[in-house]
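Morning, everyone. Please bring up the sequence and the model on your screens.

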Amino acid sequence: MKFNTVIPKGLRIYYYNELKLYRNFLHKGELSTAWYHLERTHILGQSYPIEHSYTHWLMLKFGLRQRNIKEVFGQVIRLLVGGWKSFIDHVPLGNTGGSDVPPLKKMELSPDLAHILNKYRKN
């Protein structure tokens with residue numbers, strides 16, 4: 001069984017870049033674009049417990065800010081189980097992490113994220 005603890009250094013750069021874009025668009029009030037980058041952050045970090053949990057924490061805060069009860073509830077559930085599923089590398093690759101998507105649904109990756117993940121994820 002494979003255990004994930006630390007995101008690879010090269011992948012971490014892309015993860016933090018998406019976080020930066022999320023924060024920039026959130027600050028500008030461009031919420032749909034901010035959410036898009038938060039979903040990309042989730043995809044990049046979902047195989048690593050700290051990054052995965054932190055992204056769900058940000059999604060929870062986003063849901064609270066929007067007063068979106070469905071998102072808040074969905075993120076609380078994901079925060080309870082997401083980290084340990086990352087640790088044992090049992091995550092649905094490509095899942096965007098929002099409550100509008102089933103937590104275990106594997107999703108198609110965009111070509112740029114597929115390239116990044118293929119380059120840096122452990123096999």
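**A walk through the model**

Let's start with histidine 56, which sits in helix α3. Helices here are DSSP runs of H or I with at least four residues, and strands are runs of E with at least two, numbered from the N terminus. Before going on, a word on the source. This is a predicted model, where local features need pLDDT of at least 70 and side-chain atom pairs count only at pLDDT 80 or more, while totals for chains, interfaces and linings use all residues. Residues are numbered from 1 along each chain as its sequence is written, and side-chain values use heavy atoms, with hydrogens and water left out.

Back to histidine 56. Is it buried or exposed? Histidine 56 is buried, because its relative accessible area is 2%. The cut-offs: buried is under 20% relative accessible area, exposed is over 50%, and partly exposed is in between, with a 1.4 Å probe and protein chains only. Histidine 56 and proline 92 are 36 residues apart in sequence, and their C-alpha atoms are 15 Å apart in space.

Next, the loop between α3 and α4. Arginine 67 is found there. Arginine 67 is not a glycine, yet it has a positive phi of about 55°. Its relative accessible area is 75%, so arginine 67 is exposed.

Now the salt bridges. Side chains of opposite charge can pair when their charged atoms come close. The rule is a side-chain nitrogen of Lys or Arg within 4 Å of a carboxyl oxygen of Asp or Glu. How many salt bridges does this rule give? The count is two.

One joins arginine 40 to glutamate 18, with the closest N and O atoms 3.0 Å apart. That pair links distant parts of the chain: arginine 40 is in helix α2 (residues 31–45), glutamate 18 is in helix α1 (residues 9–28), and they are 22 residues apart. Arginine 40 also meets aspartate 112 in a salt bridge, at 2.6 Å from N to O. Aspartate 112 belongs to helix α5 (residues 111–120) and arginine 40 to helix α2, so this pair ties together parts 72 residues apart in sequence. Together, Glu18, Arg40 and Asp112 are linked in a network of salt bridges.

How covered are these three? Arginine 40 is buried, at 9% relative accessible area. Glutamate 18 counts as buried too, at 7%. Aspartate 112 is partly exposed, at 36%.

On to the largest pocket. A pocket is found on a 1 Å grid over the protein atoms alone. The largest pocket holds about 180 Å³ of space. Its lining has 15 residues, and those nearest its centre are His52, Arg78, Gly82, Lys85 and Pro103. Helices α3 (49–66) and α4 are the elements that give two or more residues to that lining. Of these, α4 gives the most, with four residues.

Last stop, helix α4, residues 69–87, where leucine 80 lies. Leucine 80 is exposed, because its relative accessible area is 64%.

Notes:
On a 1 Å grid over the protein atoms alone, a cavity is a set of points where a 1.4 Å probe fits but cannot get out, and a pocket is an open set with protein on both sides within 12 Å along at least five of seven lines; lining residues have an atom within 4 Å of a point. Grid points are joined across faces, edges and corners, and a volume is the space filled by probe spheres set on the points.
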